[in-house]
Amino acid sequence: MKTIILGGGVIGVTTAYYLAKLGVEVTVIDRQADVGEETSFANAGQISPGYSTPWAAPGIPTKAAKWLFQKHAPFAISPDGTAWQGIWASKMFANCNAHDYAINKERMMRVAEYSRDCLQQLRSDTNINYEHRTKGTLQLFRKQAQLDVVGRDIEVLKECGVDYELISRDELDKVEPALIHAKDKLVGGLRLPNDETGDCNLFTKNLAKLATDLGVNFVFNKTIDNIHHNGNQIVGVMIDGEMMIADHYVLALGSYSRNLAKQLGLDLPIYPVKGYSLTVPILDEKNAPVSTVLDETYKVAITRFDNRIRIGGMAELSGFNLTLNPKRRATLEMVTNDLFTGGDLPNAKFWTGLRPMTPDGTPIIGGTRFGNLFINTGHGTLGWTMACGSGKLIADIITRQTPDISLDGLSLARYH
Ligand SMILES: Cc1cc2nc3c(=O)[nH]c(=O)nc-3n(C[C@H](O)[C@H](O)[C@H](O)COP(=O)(O)OP(=O)(O)OC[C@H]3O[C@@H](n4cnc5c(N)ncnc54)[C@H](O)[C@@H]3O)c2cc1C
């Protein structure tokens, strides 16, 4: 049985690995010269089932309106010249109610928790290196008002069985010693000890090597132009003018999945939500974080790798625009300097990527009306967190194994 995977980001590569483990002959196609060169390149490094929460939450439309006028805001919109931008935003806002939020959160947590278990298993099976740490995440609050409403989040964590610790201002430096210098700006924190961290790009590249050892064929520098079908079957994909044929096809093109699926009459409600990161060499270990810290005020995540800190954040609705906006860099630098002074900011690498976001926050994992076309995309803010679980689920679906978790509400069918 042959499978072609369209896209070699973290989602395509995990899918390839799990399919190859099940004995499938796999080819991965990507337009870049290596795997993980687009959105999976420099994300914030959090593997955070505990924070697997849809952006579409009650109260977000009001907050978003305020953010539009705020300096160092986590959210911005600039017209991209398409009707889809407004349609997608209204679909997202339509999910901002307690009922839909609960449904979406359960789906996301189901995939994310399963994914963490798959990653732990993969780590113990292969000893893969990705500068991982298993020291949890710490959400930091700067205002009493943030701490006053944390009870709501704790209720959700309890319902989902997620371990947590409420940390007082005086205890913050016991978890993150470098915060001793920033304590007077903070009122406390919420720690999820079972969350993990690691470099998604390093993971994707090292997993691709393991997949190659299992026989996976990677085809680089090739652009997928379109997908051909005959009735309800895919008959091939056109790649730089050449047709490639397999028994099964997996669409894992991240933010670019929507346009290709459209040619087949499939409506994938995905918008490219732009984010930014800075990767900073560590100069002074004592003043660097030990794990991930999330600044709730600016919605910025700061993650420790071996000798680097990765700072990620921002959500811009501005289409397929990869311009590096210096104002966003200023925000990331401001938050980093305010909390951790141990980084070499002038030598930081600034990066931007497009999160493939669905309006309900849940990825699209499953089959389509084409019997041999499967979708694994739309992971938005949490593609690294959900990658292994999503790859394993698609591999099980294609090879007709019984998946380890329920697939309820994960496929494209939920939108119809
Ligand atoms: C700033 C930022 C911070 C983030 N932080 C986190 C985090 O801390 N934790 C977390 O879990 N997630 C995080 N994410 C989200 C995560 O990075 C994404 O969800 C994930 O990388 C998506 O992976 P993907 O494989 O679907 O997409 P991609 O990595 O973009 O892969 C798609 C691939 O398809 C290829 N491709 C596209 N079109 C074509 C074509 N026509 N022909 C050939 N190839 C094509 C591309 O080259 C690319 O390699 C963050 C994202 C951003 C932007």
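Is Thr336 buried or exposed, judged by its relative accessibility? At 2% relative accessibility, Thr336 is buried; buried stands for under 20% relative accessible area, exposed for over 50%, and partly exposed for values in between, with a 1.4 Å probe and protein chains only.

The legends below describe a predicted model, in which local features need pLDDT of at least 70, side-chain atom pairs count only at pLDDT 80 or more, and totals for chains, interfaces and linings use all residues. Residues are numbered from 1 along each chain as its sequence is written, and side-chain values use heavy atoms, with hydrogens and water left out.

**View 1. Thr336 in helix 10.** Helix 10 covers residues 326–339 and includes Thr336; helices (H or I, at least four residues) and strands (E, at least two) are DSSP runs, numbered from the N terminus. The Thr336 side chain lies 2.6 Å from the backbone oxygen of Leu332. This is a polar contact, defined as a pair of N or O atoms within 3.5 Å; within protein, one atom must be able to donate a hydrogen and the other to accept it, and residues adjacent in sequence count only if both atoms are side-chain atoms. With residues up to four places away in sequence not counted, Thr336 touches Ile302 and Ile311, where contact means heavy atoms within 4.5 Å.

View 2. For Asn43, a side-chain N or O atom is 2.9 Å from a ligand oxygen atom. A polar backbone atom of Gln46 is 2.8 Å from a nitrogen atom of the ligand. The ligand taken alone exposes 990 Å², of which the protein buries 98%; accessible areas come from the Shrake-Rupley method with a 1.4 Å probe, and for residues only the protein chains shown count as cover.

**View 3. Domain 1 and domain 2.** The centres of the two domains, taken over C-alpha atoms, are 28 Å apart. Across the boundary, 20 residues of domain 1 are in contact with 15 residues of domain 2.

**View 4. Asn127 and Glu131 in the loop between helix 4 and strand 5.** The loop runs between helix 4 (98–126) and strand 5 (137–141). Most residues other than glycine have a negative phi. Asn127, which is not a glycine, has a positive phi of about 60°. Glu131 also has a positive phi, near 55°. Asn127 is exposed, with a relative accessible area of 67%, whereas Glu131 is buried at 17%.

**View 5. Thr368 in the loop between strand 19 and strand 20.** Thr368 counts as buried because its relative accessibility is 17%. The side chain of Thr368 reaches two backbone oxygens, that of Phe370 at 3.0 Å and that of Leu373 at 3.0 Å. Apart from neighbours within four places in sequence, Thr368 is in contact with Leu266, Leu373 and Ile375. Ser411 is 43 residues from Thr368 in sequence, with 7.9 Å between their C-alpha atoms.

**View 6. Phe203 in helix 8.** Helix 8 spans residues 200–213. Phe203 is buried, with 0% relative accessibility. Beyond residues up to four places away in sequence, Phe203 touches Val10, Thr14, Leu119, Leu122, Ile128, Tyr130, Trp384 and Cys388.

Technical notes. Domains from an automatic or database assignment.
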